[in-house]
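Trainee: Please take me through one part of this model slowly. I would like to look closely at the aromatic rings.

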Amino acid sequence: MKAKKAQKPKSLSVEVPVQKFLVSVQKNGEIDGTFLLDLFPGNSPKFCELFAQNCSHAGSEKGKGKQPVYKNCPFRRISAVGLQVAEGQVGKNTVVDSDQEIDRFHALGTLSFCKGAQGFDSAAFFICLTSDANELAHLDKNYIVFGKIAENMDYLLSLKKELVAYTTTDGVISAECPFSVAEISHLGESQP
């Protein structure tokens, strides 16, 4: 029996511009804080495209006449691994397991779409808020990283502490929570 050759890891050096998004968080209708996201379309094009379709596109024809999914969008759940944004919308835009793309490893501040029995969700995503090696290994086996927090991670970690007060024992954030995503806006792109 021949010994198997070691496989090379997938290349993560696809030279495609990084997409920039600004997340504005509101508390009781007033802007409370912001953080910046970088998306990696060279590594996860389908996931980045799905995410962008759900965002506001100021001055662009792409989102004209369409209500963005991530406008006035509640935080849904906090778990040991992260913070879920948006409600699940499995449907025609679902990315199935066979569509998985070049992936990056999970770390504190990475973004991944939520996953159901049919595949990856077309709207709900989570922000990884753990640095525990066991939890990260589980995420790497089951989810695809499509972006990361680029700026203001401190705000996000302080927000997580405030959201805990509105969270049930199973991690669901109650409807009485005064915090929500006011909007996620596409800012443009920059070179990797």
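Which is phenylalanine 146, buried or exposed?

Mentor: Phenylalanine 146 is buried, because its relative accessible area is 0%. The cut-offs are these: buried is under 20% relative accessible area, exposed is over 50%, and partly exposed lies in between, with a 1.4 Å probe and protein chains only.

First, some ground rules. The model is predicted, so local features need pLDDT of at least 70 and side-chain atom pairs count only at pLDDT 80 or more, while totals for chains, interfaces and linings use all residues. Residues are numbered from 1 along each chain as its sequence is written, and side-chain values use heavy atoms, without hydrogens and water.

Now the rings. The whole structure holds 9 aromatic pairs. Rings of Phe, Tyr and Trp (its six-membered ring) pair if their centres lie within 6.5 Å; planes under 30 degrees apart are stacked, over 60 edge-to-face, and the rest tilted.

Take tyrosine 70 and phenylalanine 125. Their ring centres are 5.3 Å apart and their planes meet at 80°, so this pair is edge-to-face. The pair links distant parts of the chain, 55 residues apart: tyrosine 70 sits in the loop between helix H1 (45-53) and strand S3 (73-78), and phenylalanine 125 in strand S6. Helices (H or I, at least four residues) and strands (E, at least two) are DSSP runs, numbered from the N terminus. Tyrosine 70 is buried, at 0% relative accessible area. Phenylalanine 125 is buried too, at 2%.

Phenylalanine 146 and phenylalanine 113 form a stacked pair, 4.9 Å centre to centre with 25° between the planes. This pair also links distant parts of the chain: phenylalanine 113 is in strand S5 (residues 110-116), phenylalanine 146 in strand S7 (residues 145-151), 33 residues apart. Phenylalanine 113 is buried at 0%.

Now put the pairs together. Tyr70, Phe125, Phe113 and Phe146 belong to one aromatic cluster, along with Phe21, Phe47 and Phe51.

For contrast, look at aspartate 132. Aspartate 132 lies in the loop between strand S6 (119-128) and helix H2 (133-142). At 37% relative accessibility, aspartate 132 counts as partly exposed. A polar atom of its side chain lies 3.0 Å from the backbone nitrogen of asparagine 134.

Terms used: Polar contact = N/O pair within 3.5 Å; in protein donor to acceptor, adjacent residues only side chain to side chain.
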